[in-house]
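Please read them with the model open beside you.

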Amino acid sequence: MGDIAALVIDDEKAIVGLVSNVLQKKGFQVDQAFTTAEGIKLLEGQKKYSLVLTDLNQEPTGLEVYSKAKEMGVPFAYIMTGYSNYNLLKEVEKKARDHLLQKPFSINKIEYIAQQAWVYANSHQ
């Protein structure tokens, strides 16, 4: 069984570190990006990700990263935000309502998502 990869994208280093730490403890091999542009480059690379968590409020937006992740076949993709731009949030709710994590979120929520992605990835290898 190969490594199960996750990608965490956020411009807040503390968020990237915290989420990465939780995922690593769950057994994921974690890549980190501090811009969505860098995250998209990683998505387009050779590695196959089972889980992507991306910040919303960057350019390109987290919604664009989410769409790219789904296009690339990532089974679990989530958008993290503490941002409240009404129009952007409305767009996110149309396309990714069940995949939006409002900051601050609990460690338990990340652990739950990680468990779902881990079980799925292990059953589809």
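1. The count comes to six salt bridges, where a salt bridge is a side-chain nitrogen of Lys or Arg within 4 Å of a carboxyl oxygen of Asp or Glu. Please bear in mind that this is a predicted model, in which local features need pLDDT of at least 70, side-chain atom pairs count only at pLDDT 80 or more, and totals for chains, interfaces and linings use all residues. Residues are numbered from 1 along each chain as its sequence is written, and side-chain values use heavy atoms, with hydrogens and water left out.

2. Let us begin with Lys 68 and Glu 44, whose side chains form a salt bridge at 3.1 Å, N to O. Lys 68 sits in helix α3 (residues 62-71) and Glu 44 in the loop between α2 (36-43) and β3 (49-55), so this pair ties together parts that are 24 residues apart in sequence. Helices (H or I, at least four residues) and strands (E, at least two) are DSSP runs, numbered from the N terminus. Lys 68 is buried, its relative accessible area being 17%, while Glu 44 is partly exposed at 45%. Here buried means under 20% relative accessible area, exposed over 50%, and partly exposed in between (1.4 Å probe, protein chains only).

3. Lys 68 also has a salt bridge with Glu 71, with the closest N and O atoms 3.2 Å apart. These two residues are three apart in helix α3, a separation of about one helical turn. Glu 71 counts as exposed, at 60% relative accessibility.

4. Which residues are linked in a network of salt bridges? They are Asp 10, Glu 12, Asp 55 and Lys 103. Within this group, Asp 55 and Lys 103 form a salt bridge whose closest N and O atoms are 3.4 Å apart. Asp 55 belongs to strand β3 and Lys 103 to the loop between β5 (100-102) and α5 (107-123), so the pair ties together parts that are 48 residues apart in sequence. Asp 55 is buried at 4% relative accessibility, and Lys 103 is buried at 17%.

5. Finally, the helix pair: the axes of α2 and α3 come within 10 Å and cross at roughly 5 degrees. That makes α2 roughly parallel to α3; angles under 35 degrees count as roughly parallel, over 145 as roughly antiparallel, 65 to 115 as roughly perpendicular and the rest as oblique. The axes are lines fitted to C-alpha atoms, for helices over the stretch in contact, with angles running from 0 to 180 degrees between N-to-C directions.
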